[in-house]
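Please open the model in a viewer and keep the selection tool at hand. The stops below are meant to be followed in order.

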Amino acid sequence: MKKRVESSVVKEAAIQKLLERGVTLEEIAQIVYEMQIPYNPDLTLETCLDSVHKVLGKREIQHAILVGIELDILAEKGLLSEPLQSLIASDEGLFGIDETIAVGASFVYGSIAVTTFGHLDKYKTGIIKKLDTKAGSKVNTFLDDLVGAVAACAASRVAHQLRDIDSPVEVSP
Ligand code: MG
């Protein structure tokens, strides 16, 4: 019999994996704040953190986090088969599947999320920079992109919310 997994259980597992890999939700919220404060001077870190939580409630995001981090961990332990092991462990620049999974998850939050992800991928804001320049035998090939995707989606949510407050008659789909 197929076992159905509750979304809340998957959300908790995704948050736990992020924490185990050294990423707190507050650090992701900080990126959201930096991305959105130019457009919303009244924005608070609390609103950004709430947005990160909402994004982590989406299955597409949860699944991307679980798959990506699992591959990072397996590569770190040398448990993948070659040549995938070397491609992921060395964070080969032309691999591209780490970004593909992250962009795919960002689609849920529309074009602002996708373009914001592209920006974060290029400029490596906040903790993304730390993850990208990982120390020693740590493998964060997927993690930096996943953090970028969560931050980009949360920033997109904040941007849309702000527009809804500005134009209360507008009905969002
Ligand atoms: Mg990467």
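Begin by selecting I65, which is in contact (heavy atoms within 4.5 Å) with A14, L18, L56, L146 and V150, leaving aside its neighbours within four places in sequence. This is a predicted model, in which local features need pLDDT of at least 70 and side-chain atom pairs count only at pLDDT 80 or more, while totals for chains, interfaces and linings use all residues. Residues are numbered from 1 along each chain as its sequence is written, and side-chain values use heavy atoms, with hydrogens and water left out.

I65 belongs to helix 4, residues 59–76; helices are DSSP runs of H or I with at least four residues, numbered from the N terminus. Because its relative accessibility is 1%, I65 counts as buried, a term that means under 20% relative accessible area with a 1.4 Å probe, protein chains only.

Next, select L18. Not counting residues up to four places away in sequence, L18 touches V23, L25, I28, L56, I65, I69, L143 and V147.

Of its 46 residues, L18, I28, V52, L56, I65 and V147 touch the most other members. Helix 9 (143–166) is among the elements that give two or more residues to this core, and its eleven residues are the largest share.

Finally, select the magnesium ion. Its donors (N, O and S atoms within 2.8 Å of the metal, or 3.2 Å for Na, K and Ca; water is not among the atoms, so sites may look incomplete) come from D98 (OD), T141 (O), D144 (OD) and D145 (OD), at 2.2 to 2.7 Å. Both T141 and D144 are buried.

Key
Buried < 20%, exposed > 50% of the residue type's maximum accessible area, 1.4 Å probe, protein only. Core = buried A, V, L, I, M, F, W, Y, C linked by side-chain atoms within 4.5 Å.
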